[in-house]
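Work through the two exercises below with the sequence and the model at hand, and try each task before you read its solution.

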Amino acid sequence: MLTLPLFPLPVVLFPGTCTPLHIFEPRYQKMVAECLAGDRRFGLIYHDSDDQGPFLGEPGRVGCVAHIDRFEPLDDGRSLIMVRGMHRFRIDESLDSSVHGFYRADVAPFEDVVRPRREAVLAVRTRTLGLLHRVLSAMPEPPDEVPAFDVEFDLSFQLAPLVQIDAMWHQSLLELQDEVYRLERLDAVFQAAVDQAGGEEGVA
């Protein structure tokens with residue numbers, strides 16, 4: 001069991017990927033300061049208060065452990081941080097937020113329950129990566145450089161940030177506990193992009 005400070009945001013962080021954050025609320029300034037003084041980790045959990053109402057830290061919610069790789073202080077206590085996704089977690093029990101001013105919870109690891117044979121999953125990863133390259137080559141202005149992806153590691157989380165789609169779709173992908181299923185969802189998006197003229201819609 002691990003106790004983490006939680007940062008609910010309308011953003012989905014995937015393991016192995018990075019995202020910048022602007023920290024301006026005093027309670028999260030305090031949270032970041034405590035993280036920097038400790039192991040630099042907090043839990044980033046998707047929450048859109050406009051659609052979902054107040055964050056209640058409900059047990060079962062799934063997020064990603066974020067590690068603060070870079071910290072840049074700004075005026076008035078604000079800061080810019082770059083965080084890297086480490087691994088997924090599931091909330092077991094919320095803790096009293098009034099003590100620290102920000103949310104905390106006891107969390108447990110949230111891991112894949114389906115682990116296909118290595119040869120099988122490598123074949124699926126190769127297929128998905130091939131579809132992505134077809135999307136990129138179909139774009140009117142293909143990027144000069146294609147990011148390097150490592151098929152020896154979970155490819156679904158490496159590719160997911162490329163898909164410009166509803167954040168709830170990203171969250172549902174994060175919660176799938178089978179990499180092959182995650183890749184199949186990405187395949188459907190990439191194939192649709194290939195089928196469309198120019199292959200631009202839905203993909204960055």
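**Exercise 1.** Decide whether Y28 is buried or exposed, and find the ring with which Y28 is stacked.

*Solution.* Step one: Y28 has a relative accessible area of 3% and is therefore buried, where buried means under 20%, exposed over 50% and partly exposed in between, with a 1.4 Å probe and protein chains only. The model is predicted, so local features need pLDDT of at least 70 and side-chain atom pairs pLDDT 80 or more, while totals for chains, interfaces and linings use all residues. Residues are numbered from 1 along each chain as its sequence is written, and side-chain values use heavy atoms, without hydrogens and water.

Step two: the ring centres of F7 and Y28 lie 4.2 Å apart with their planes at 20°, so this pair is stacked; rings of Phe, Tyr and Trp (its six-membered ring) pair if their centres lie within 6.5 Å, and planes under 30 degrees apart count as stacked, over 60 as edge-to-face and the rest as tilted.

Step three: because F7 belongs to strand 1 and Y28 to helix 1, the pair ties together parts 21 residues apart in sequence; helices (H or I, at least four residues) and strands (E, at least two) are DSSP runs, numbered from the N terminus.

**Exercise 2.** Which residues of helix 1 are buried, and why do they line one face of the helix?

*Solution.* Step one: the buried residues are Y28, M31, V32 and C35. Step two: viewed down the axis of helix 1, these buried residues fall within an arc of 95°, so they line one face, the arc being that of the directions from the helix axis to the C-beta atoms. Step three: on the other side of helix 1, P26 and A37 are exposed.
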